[in-house]
Amino acid sequence: MNSKRPFSFYVLTAFFSVFVLFLYGPTITIAILSFQGPRGGLTFPMNGVSLHWFGELFKQQAVGDIWGSFRRSFMLGLLVMVTTTIVSLMGGLAFRKHFRGSAIIFYLAITSLIIPSILISLGVGILFNILDWDVHWASSGFGSQLTWTLPFGLLIMFAVFNRFDSAYEEAARDLGASSWQTLRYVVLPIIGPSLIGVALFGFTLSYDEFARTLLTAGTYNTLPLEIYGMTTSVTTPVLFALGTFTTVFSFIVIALFAVIYKIISNKRASS
Amino acid sequence: MTLILIFFLLLPVLAIVVVSFWQSTAYSYSPAFIFENYEFLLTSPVTLSVYLKTLMFTGITWLCCLLIGFTVAYFLAFHVRSLPVQIGLFLLCTVPFWTSNIIRMISWIPFLGRNGIANNALQDLGLIDEPLEWLLFSDFAVILAFVHLFTLFMIVPIFNSMMRLDRSLIEAAVDAGATGWQVLSNVIIPLTKPGIMIGSIFVITLVMGDFITVRFMSGGQSASVGRVISNEISLLQYPAASASAVILLLTVLIMIGTLLRFVDIRKEL
């Protein structure tokens with residue numbers, strides 16, 4: 001490649017910048033608007049600058065139960081994260097060897113990924129109804145979210161193991177490592193960072209999941225459902241404050257995972 | 001793994017299929033074997049128009065996502081030279097994926113509303129005299145939100161394909177005297193086709209099954225298949241909703257089946 005950048009580079013850079021602006025612009029806008037003064041409305045101009053609407057978040061709301069739903073979403077996210085990570089890892093390991101029915105399970109996973117989410121919601125809702133079980137966010141909600149996070153995790157594990165050099169394992173075995181030792185000291189450290197990625201997917205996808213949880217959460221709402229309910233009834237910037245709050249929370253989670261990822265990679269590099 | 005999928009995927013779908021043959025009374029439903037739900041659904045003119053509308057949304061969104069996604073992925077893969085910058089910019093594109101969709105939809109309100117930024121800017125520039133009404137709560141807003149939410153699903157697989165593309169092929173093409181466009185259309189596009197297919201599958205299924213975006217961004221004015229289903233659900237018409245869901249599922253599966261003929265997903269990861 002020659003070192004002079006072609007003209008198209010500048011066009012594409014401009015395009016990319018516009019795209020990033022398009023991606024982040026709205027989010028930044030509501031972040032600014034959430035600092036609206038107490039008398040401000042849902043759009044510009046800003047009517048003073050204050051933390052009023054964030055304060056409102058902590059007060060008793062006329063509708064909804066923000067903190068309860070936040071807690072539930074958080075718990076559910078953790079549950080889904082742990083399950084997704086463990087099951088995807090096991091699935092990924094299992095799929096390295098061809099076993100009977102592996103193709104079927106694979107297509108099942110793909111189907112699960114592409115099936116319209118409202119169908120899962122409706123289906124699980126009806127199923128629990130027929131079985132006469134109560135829908136609850138920790139049972140039916142949990143399960144329907146797994147139909148979305150598990151295939152994601154599994155696909156990532158496939159991608160990881162497709163690039164995995166099995167010579168490392170053979171070397172370990174030749175040195176007399178048991179299969180558990182091979183897994184613990186060779187495979188896991190190598191794929192560790194990717195597992196962090198799977199965990200991040202599991203948590204955030206669950207934390208933000210809406211459609212699949214809609215009919216399966218039961219009496220107690222998760223946070224996205226709560227926000228959705230608020231959009232129809234709340235017309236103050238408190239909505240933006242909540243939006244900013246959850247977005248910041250998502251960013252914190254992502255940053256946290258990035259830090260863990262960094263630590264693990266460094267440890268691996270130094271050892 | 002399999003057990004979870006069977007219980008929360010296969011059984012629910014079966015339940016939907018079964019219930020779609022049940023009969024509904026005012027507030028509940030009971031076992032039966034009738035075709036009434038399908039008969040009503042398939043003969044109603046509303047169904048056809050709703051499907052056409054959904055397909056229109058899907059088509060336009062798909063095209064926009066493809067063009068934007070391909071351009072962005074191309075820029076990232078071939079024009080950014082250092083790997084850390086590449087990864088950094090790639091992450092910049094993916095971060096919004098990890099934040100709430102609903103919040104991202106809400107974010108458009110101050111932009112597109114009557115007194116929103118877009119209208120004010122256009123008025124200040126003297127391009128329009130009155131606020132444009134069609135910016136928010138319209139088909140335009142729905143498609144804008146779709147593109148905003150789903151372009152990422154196009155970028156990631158295409159970028160993945162491009163990164164796996166052997167660079168020496170491009171060099172060979174250049175050495176053989178190909179122009180920039182020829183390299184793009186004869187080398188890069190054919191070789192990134194699997195990525196494009198996977199991205200398309202995601203975008204199409206997400207748009208076909210969506211109901212929140214349509215409801216929210218159209219202000220309840222536009223219909224889509226997903227919305228019809230969710231309306232029927234809120235009216236507790238489960239058998240009717242199930243019948244619609246079965247038809248939707250078949251439509252999506254046929255579309256995906258066609259796309260899958262062109263790509264082997266497992267090989268591409």
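Among contacts in chain B between residues at least 6 apart in sequence, what share joins residues at least 24 apart? The share is 70%, where contact means heavy atoms within 4.5 Å.

**Before you look.** This is a predicted model, in which local features need pLDDT of at least 70 and side-chain atom pairs count only at pLDDT 80 or more, while totals for chains, interfaces and linings use all residues. Residues are numbered from 1 along each chain as its sequence is written, chains are lettered from A and ligands numbered from 1 in the order in which they are written, and side-chain values use heavy atoms, leaving out hydrogens and water.

**View 1. Chain B as a whole.** Welcome to chain B, with its 14 helices and two strands (DSSP runs numbered from the N terminus: helices are H or I of at least four residues, strands E of at least two). Of its 269 residues, 54% are buried (buried is under 20% relative accessible area, exposed over 50%, partly exposed in between, with a 1.4 Å probe and protein chains only).

**View 2. B:Ser200 and its contacts.** Find B:Ser200 in helix α10 (residues 180–209) of chain B. B:Ser200 has a relative accessible area of 2%, so this residue is buried. Its side chain makes a polar contact of 2.9 Å with the side chain of B:Trp62 (a pair of N or O atoms within 3.5 Å; within protein, one must be able to donate a hydrogen and the other to accept it, and residues adjacent in sequence count only if both atoms are side-chain atoms). Beyond neighbours within four places in sequence, B:Ser200 touches B:Trp62, B:Met154 and B:Leu259.

**View 3. Aromatic pairs.** Seven aromatic pairs turn up over all chains in a search of the whole structure (rings of Phe, Tyr and Trp, the last by its six-membered ring, with centres within 6.5 Å; planes under 30 degrees apart are stacked, over 60 edge-to-face, the rest tilted). B:Phe70 and B:Tyr74 are stacked because their planes meet at 10°, with ring centres 6.4 Å apart. These two residues, B:Phe70 and B:Tyr74, sit four residues apart in helix α3 (residues 45–79) of chain B, so about one helical turn separates them.

**View 4. A pair across two helices.** B:Phe90 and B:Phe159 are also stacked, at 4.6 Å centre to centre and 20° between the planes. This pair links distant parts of the chain, 69 residues apart: B:Phe90 belongs to helix α4 and B:Phe159 to helix α8 (residues 139–164), both of chain B. B:Phe90 is buried at 17% relative accessible area, and B:Phe159 is buried at 9%.
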